[in-house]
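Here is a friendly briefing to read alongside the model. Keep the viewer open and follow the residues as they come up.

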Amino acid sequence: MSNEPVTSGAHDAVAALPQSGGARAMLKSAILSLSLLLCSVSVTMAVVSSLKQDFPNASTMELQSFVNVPVIGGIIATLIGGAFASKIGKKNLCLLGTLLCFAGGFLPMFVPSLALKIVLRVICGFGVGLIQPLSASLIVDCFKGREADTMMGIQSAMVGLGATIFSSAIAGIMTIDWHYFYFVYFFALLVFFFVLAFVPNSVNEIGRVHKSAQADSATKAKRTKMPLGAYFGMVLQIVFATGYGFYTVNLSLAAEETGVITAVQAATVMTVVSISSFIGGFLFGFAKRFVGMFIGIIAIAMEAAGLFLWANTASLGAWYAAAVLFGVGFCWFMPYVNFLVNEHTDPTISAQATSYAFFGNSVGSFLPTYAFAALGALTGLTSTWKSLNEAGVMMLICIVMVLVFNAFDKKKPATVEAAE
C-alpha cells in the first residue's frame with residue numbers, strides 16, 4: 001500500500017476492526033472464505049456431458065456455454081466491482097456478490113430451458129466477479145506487514161481449496177443424480193452469513209467515497225492516482241496466465257506423447273501441482289519475509305523450471321519434481337501480483353487496482369488454445385509436449401518484464417492528485 005495520505009475515515013474504519021482475540025480470527029476467516037467461491041463457476045465443467053441427456057439437440061458449443069458464458073460475465077463484473085467498491089461499501093459488495101452467486105447457481109435447477117439456465121448462471125458468474133477483487137484487496141486494506149503477507153498466501157491456497165470442495169461435492173452428488181448438483185451453491189449462502197456476522201460494518205467505510213464529500217470542494221481529500229503497477233500487473237497476468245494455460249490444456253496430451261508417462265500418471269502429476277499449491281500458499285508469508293517482493297521473480301522462475309522439466313524429460317520422478325516447483329510457483333505468484341498492483345494505492349482504489357490483476361488473469365486464461373494454434377502456425381511446432389518449452393519462454397519473458405518494471409518504478413515516485 002502507498003505511504004501517501006488517505007482519508008481519516010479509512011484510518012478510523014481500520015482502527016475500528018477487532019485487533020486481537022477470537023473476533024480478529026473470525027474476521028480473517030470471513031475474508032478468506034470469499035476466496036472459496038472464486039472457482040465455483042468454472043469447476044462445473046464436469047456436468048456439461050450430463051446436460052446432453054436433457055438437451056440432446058444442443059450443440060457442443062451451446063453445452064459449453066453453460067460454463068463459458070457465466071465466466072465471461074464474471075470477467076466483466078470484476079472490473080465493475082472494483083470500480084464500485086468505493087461507492088457502495090466493500091462489505092455490502094461482498095454480501096451482494098455472494099447472494100448473486102447463490103441465486104444464480106441454485107435457481108437454474110428449476111428452469112427447464114438451457115438458455116434460461118445459462119442466463120441465470122451469468123448472474124452467478126457476475127456475483128463471483130464482484131467479490132473476486134475484494135477477496136484480495138480487503139487483505140491489503142485491513143492488514144499490514146507480516147500479517148498481510150501470511151493472509152495473502154493463505155488467500156491463494158483458499159482458491160484451490162474452494163475448487164476442491166466444489167468439485168468433490170459435485171462429483172459426490174453426481175453419483176446419486178446430477179440434476180441436484182445445484183445444491184452445492186448453498187455453500188455461497190453459508191459464506192454470505194459468515195461475512196454478514198463477522199465482517200464489521202465499518203469495513204464499508206474503508207476507502208468509501210461519499211457524495212457529500214465529493215461535492216464539497218473545501219473537503220476534497222487528496223486521492224492516489226491509479227499507479228502504473230496496476231496496469232503493469234494486468235499485462236503481466238495476461239502473459240503469465242497464457243503460459244500457465246499451456247499446462248492445463250496440454251499436459252495430459254504431452255504425457256501420452258512421451259510414450260512413457262500415462263494419462264493416469266499425468267492426472268496424478270496435476271494432483272501434486274494442486275497439493276503443492278495449497279501447501280505453498282501457507283509458506284508465502286514466511287518466504288516473503290526474507291526475500292521481499294523479489295518473491296515474484298522467484299515464483300515465475302519456478303514456473304519456468306517446471307515447464308522446461310516437463311518439456312524435456314520423460315521421467316516420472318522429474319515430472320513430480322516439476323509439479324512441486326510449478327505448484328508452489330503459482331501460489332506465490334498470485335499474492336505477489338496482488339501486492340504489486342497495490343504498492344501505491346490507498347483504500348479508495350485498492351479494489352479497482354486488484355480488479356485489473358484478476359481481469360488480466362481471466363483474459364490470459366482464455367488465450368492458451370489460440371496461442372498454441374498461432375505459435376504452431378508460425379513455427380510448425382504442433383507437439384503438445386514440446387509446446388511446454390514455449391510456455392517456459394513466456395515465463396522468462398515475464399521475468400524480463402518484472403526486472404524492467406522494477407528498474408523503471410524505482411526511478412518514478414508515487415504521485416497524488418486532488419480528486420476531480
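This is a predicted model: local features need pLDDT of at least 70, side-chain atom pairs count only at pLDDT 80 or more; totals for chains, interfaces and linings use all residues.

The protein splits into domain 1, covering 21-206, and domain 2, covering 228-410. Their centres, taken over C-alpha atoms, lie 23 Å apart, and the contact draws on 31 residues from domain 1 and 25 residues from domain 2. A search of the whole structure turns up four salt bridges, and the count between domain 1 and domain 2 is one.

**The interface between the domains**

- Together, domain 1 and domain 2 bury about 2300 Å² between them, and 73% of that area is on carbon and sulfur atoms.
- On the side of domain 1, the residues that lose the most area to domain 2 are Ile-75, Leu-79 and Asp-149, which together make up 22% of what that side buries.
- Five residue pairs are in polar contact across the interface of domain 1 and domain 2, with both residues of each pair at pLDDT 80 or more.
- Three helices each supply at least two residues to the side of domain 1 that touches domain 2: H4 (60-88), H6 (114-142) and H7 (145-174).
- Of the helices on that side, H7 gives the most, with twelve residues.
- By residue type, the side of domain 1 that touches domain 2 divides into 17 nonpolar, ten polar and four charged residues.

- Which residue forms a salt bridge with Asp-149? The partner is Lys-288, and the closest N and O atoms of the pair are 3.1 Å apart.
- Lys-288 sits in helix H11 and Asp-149 in helix H7, so this pair ties together parts that are 139 residues apart in sequence.
- Both residues of the pair, Lys-288 and Asp-149, are buried.

- Glu-147 and Lys-28 meet through their side chains in a salt bridge, at 2.9 Å from N to O.
- Because Glu-147 lies in helix H7 and Lys-28 in helix H2 (residues 21-33), the pair ties together parts that are 119 residues apart in sequence.
- Glu-147 has a relative accessible area of 25%, so it counts as partly exposed.
- Lys-28 is also partly exposed, at 24% relative accessibility.
- Arg-24 lies in helix H2 and is buried, with a relative accessible area of 7%.
- Leaving out residues up to four places away in sequence, Arg-24 touches Leu-17, Pro-18, Gln-19, Cys-142, Phe-143 and Glu-147.
- Salt bridges with shared partners join Arg-24, Lys-28 and Glu-147 into one network.

**The Asp-141 and Lys-90 pair**

- Asp-141 forms a salt bridge with Lys-90, and the closest N and O atoms are 2.4 Å apart.
- Asp-141 is in helix H6 and Lys-90 in helix H5 (residues 90-106), so parts that are 51 residues apart in sequence are tied together by this pair.
- Are Asp-141 and Lys-90 buried or exposed? Both Asp-141 and Lys-90 are buried.

- Ser-362 is part of helix H14 (residues 350-366).
- With a relative accessible area of 14%, Ser-362 falls under the 20% cut-off and is therefore buried.
- Setting aside neighbours within four places in sequence, Ser-362 is in contact with Ile-75 and Gln-132.
- Phe-286 belongs to helix H11 (residues 263-291), the helix that also holds Lys-288.
- Phe-286 has 48% relative accessibility, so it counts as partly exposed.
- Phe-286 and Leu-130 are 156 residues apart in sequence, and their C-alpha atoms are 30 Å apart in space.

Notes
Residues are numbered from 1 along each chain as its sequence is written. Side-chain values use heavy atoms; hydrogens and water are left out. Domain bounds come from an automatic or database domain assignment. Contact means heavy atoms within 4.5 Å. Buried area is the accessible area (1.4 Å probe) that two parts lose on being put together, summed over both. A polar contact is a pair of N or O atoms within 3.5 Å; within protein, one must be able to donate a hydrogen and the other to accept it, and residues adjacent in sequence count only if both atoms are side-chain atoms. Helices (H or I, at least four residues) and strands (E, at least two) are DSSP runs, numbered from the N terminus. Ala, Val, Leu, Ile, Met, Phe, Trp, Tyr, Cys and Pro count as nonpolar, Asp, Glu, Lys and Arg as charged, and the others, Gly among them, as polar. Buried means under 20% relative accessible area, exposed over 50%, partly exposed in between (1.4 Å probe, protein chains only).
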